[in-house]
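Work through the exercises below with the structure open beside you. Try each task before reading its solution.

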2 protein chains.
Amino acid sequence: MTGTMIISVDAMGGDLGPRAVVEGIGDALKRWPDREVRYLLHGHEDELKPLLAEMPAVAAVSELRHAETTVEMTDKPSEAVRRARGSSMWNAIQSVKSGEAAAIVSGGNTGALMAISKVILRMKKGVHRPAISANWPTPKGHTVVLDVGANVQCGATQLVEFAIMGEAYHRAVFGSETPKVGLLNVGQEELKGNDTVREADGLIRKSGLDMEYIGFIEGNDISAGDLEVVVTDGFTGNIALKTAEGTAKLVAGWVREALTSSWSAKLAAGLLSLGALDRLRKRMDPKYINGGVLLGLKGIVVKSHGGADGIGFASAIGLACAMAESDFMAEIRRNLDKFESFEAQEVAAAS
Amino acid sequence: MTGTMIISVDAMGGDLGPRAVVEGIGDALKRWPDREVRYLLHGHEDELKPLLAEMPAVAAVSELRHAETTVEMTDKPSEAVRRARGSSMWNAIQSVKSGEAAAIVSGGNTGALMAISKVILRMKKGVHRPAISANWPTPKGHTVVLDVGANVQCGATQLVEFAIMGEAYHRAVFGSETPKVGLLNVGQEELKGNDTVREADGLIRKSGLDMEYIGFIEGNDISAGDLEVVVTDGFTGNIALKTAEGTAKLVAGWVREALTSSWSAKLAAGLLSLGALDRLRKRMDPKYINGGVLLGLKGIVVKSHGGADGIGFASAIGLACAMAESDFMAEIRRNLDKFESFEAQEVAAAS
């Protein structure tokens, strides 16, 4: 990849407002000094101009695109779509559609981002609904989990599409050659899962996809590092993701308590902070792995966590760049085509 | 509570076999030296006699009840029920039915334990299906989560029953006065959950239960300590529980790595191990919170984790004793009756 990459940014999204976004671009410049990236900064000029004046390094690589309105975090997606034209989110996505930008990053309302992206960018051929992916740390790297919240009710066909998208995503972004794909389920013997996951399991096995599918896995496998792609519906995936966040926070609190509970513990913490503790802190901080990609659209859309600060937003920018540099869009094609022709055969056989 | 409590034990259940069970009784004797408990030890005498000879303290409080057969971990529940008569699991549950024992503990096949318990003990009036509860640590105590695996597909009415059972359970076992109850959901705006959780939310609000219901909560709330009872279906609950276990294990690995990565870190670990680290280790170890109760039956059934060792099995015994000493069976009645009459009114109004 040569030349300058252009990333479109919804500067008004996120709980912390435009400051976190502009600081995030600043942080990205420092974290990846060799990457040549320019930014289209969509948002209200009254708020953005002072911030850019404050951070000249960001101003130097950014082009301000004034947008009069903003999609609010509380807007319902269906209403947002109707009223979003001209908002920072709408315009930021439009920059991808027009070909100006390689990807768009927003920390705004997830449901609205999904709905507006579908309207503007449309779905890839063979994809019924997009999914949101999450990158999950493991001792060996990252597991990709999808869907983590876009679709609260999923059919078996959708789960198969998620498997195809997640597998291509892991190869594209993490460079794995044959990522192992598992379907999230419970471990009870006879009660082995609900009808949907059982049907999806059968479909993946029968449809001859070019994929290393390992079958059902359980919740504890997500972070174990023995597979790379975890497929689930958006209800379960969202709850698993937030449960893991909560657990990491709980354990971090215990560690902090253990390190401050006595003079010897404090002394120990002092010794640790020479390096290992800092690394531990970063590993346990979701900020450093922020960013969910909306997969299945004809364009790259990255959702930053609503509560992300500058460091978090920079992580989402990093992910958008990695996606834009990758060959995800081509990688995904082969298996989507295979699954489409499998489905066509099934329909023909049934009629 | 005065007098000796009798606990029935399925000595053949669990991945580690009878040794872990007998060692578990030994550990319980040490952990709670003031509790007067006797044990009915159901299992094959050829395996149990040598273990009891090895551990005379356990032999002194146990009565061996020979059982010729064992329910295997791989047996399907429906088959297990048909073939289980005379097995250690069947006989152990029968001891509760007959009134000999106050509760039964088993680390065996969950599906079979559930199925056989339903056949022998039957459901409480007003409960359609039992649920398995898990005790989840928080900074303030414990949250009870149910169902964590008994029912992979749940209707709204079942979720309401889980709320009733979980609330009574928390009061009985943890002594809380007005535990807050939440319904596990995703945080997406318009997509606020699937049809079932929305319906259950409406039912709990309308049915006038004597309960502090706080509405929808998200995965990260489970371990935050701001509520005491989390209601969900067995599919989502099981995945959330195992995801949390996996996350705790991942973070524990990072902590271990941070404490052994250099000479200064090792020195720090040495200082910490004077106390704080030990406490941290115990907190992060699921063994110390082992034990899920099968709620909704006419008798107390505690499921120990299949992989639990002696320490883990002792925790499950402790939970069985706490349940047996509590007034759970009476506590649950009031709200179950309220919900039954609410449902009867609804049916009458609809006809």
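Predicted model: local features only at pLDDT ≥ 70, side-chain atom pairs only at ≥ 80, totals over all residues.

**Exercise 1. Find the domains of chain A and describe where they touch.**

Step 1. Domain 1 of chain A covers 1-127 + 296-326, and domain 2 covers 135-286.

Step 2. Count the contacts. In chain A, 7 residues of domain 1 are in contact with 6 residues of domain 2.

Step 3. Look at the domain 1 side. Helices α6 (110-121) and α12 (310-325) of chain A each supply at least two residues to it.

Step 4. Sort that side by class. It has 4 nonpolar and 3 polar residues, and no charged residues.

**Exercise 2. Trace the strand order of the open sheet in chain A.**

Step 1. List the strands. The 11 strands follow the order β3-β2-β1-β4-β11-β10-β5-β6-β9-β7-β8, and the pairing is mixed.

Step 2. Note the twist. From one strand to the next, it averages 25°.

Step 3. Zoom in on one pair. Strands β7 (residues 180-184) and β9 (residues 229-231) of chain A run parallel and are joined by 3 bridges. Within β9(A), A:V230 is the bridge partner of A:G182.

**Exercise 3. Check the length of helix α1 (residues 18-31) of chain A, then decide how covered α1(A) is.**

Step 1. Take the expected span. At 1.5 Å a residue, 20 Å is expected for the 14 residues of α1(A).

Step 2. Compare. The first and last C-alpha atoms of α1(A) are 20 Å apart, close to that value.

Step 3. A residue counts as buried if 20 or more other C-beta atoms lie within 10 Å of its own. In α1(A), 10 of 14 residues are buried, so the helix is mostly covered. Among them are A:V21, A:V22 and A:I25.

Step 4. Find the neighbours. The buried residues of α1(A) pack against several elements of chain A, including β1 (5-10), α3 (56-61) and α12.

**Exercise 4. Repeat the check for helix α7 (residues 156-174) of chain B.**

Step 1. Span. The 19 residues of α7(B) should span 27 Å at 1.5 Å a residue. The end C-alpha atoms are 26 Å apart, which agrees.

Step 2. Cover. Of the 19 residues, 15 are buried, so α7(B) is largely enclosed by the rest of the structure.

Step 3. What follows? After α7(B) comes B:G175, with a positive phi near 70°.

**Exercise 5. Locate the cis peptide bonds at D147 in chains A and B.**

Step 1. Chain A. The bond from A:L146 to A:D147 is cis, with omega near 0°. A:D147 sits in the loop between β6 (141-146) and α7 (156-174) of chain A.

Step 2. Chain B. The bond joining B:L146 and B:D147 is cis, with omega about 5°. B:D147 is in the loop between β6 (141-146) and α7 of chain B.

**Exercise 6. Is A:R122 buried or partly exposed, and what is its phi?**

Step 1. Phi. A:R122 is not a glycine, yet its phi is positive, near 70°.

Step 2. Place. A:R122 lies in the loop between α6 and β5 (131-138) of chain A.

Step 3. A:R122 has 13 other C-beta atoms within 10 Å, so it is partly exposed.

Terms used. Residues numbered from 1 in each chain as written. Chains lettered and ligands numbered in written order. Domains from an automatic or database assignment. Contact = placed C-beta atoms within 7 Å. Helix = DSSP H or I, 4+ residues; strand = E, 2+ residues; numbered from the N terminus. Nonpolar A, V, L, I, M, F, W, Y, C, P; charged D, E, K, R; others polar. Expected span 1.5 Å × (residues − 1). Buried ≥ 20, exposed ≤ 12 C-beta atoms within 10 Å, placed from the backbone. Pairing = 2+ DSSP bridges. Axes fitted to C-alpha atoms, helices over the stretch in contact; angles between N-to-C directions.
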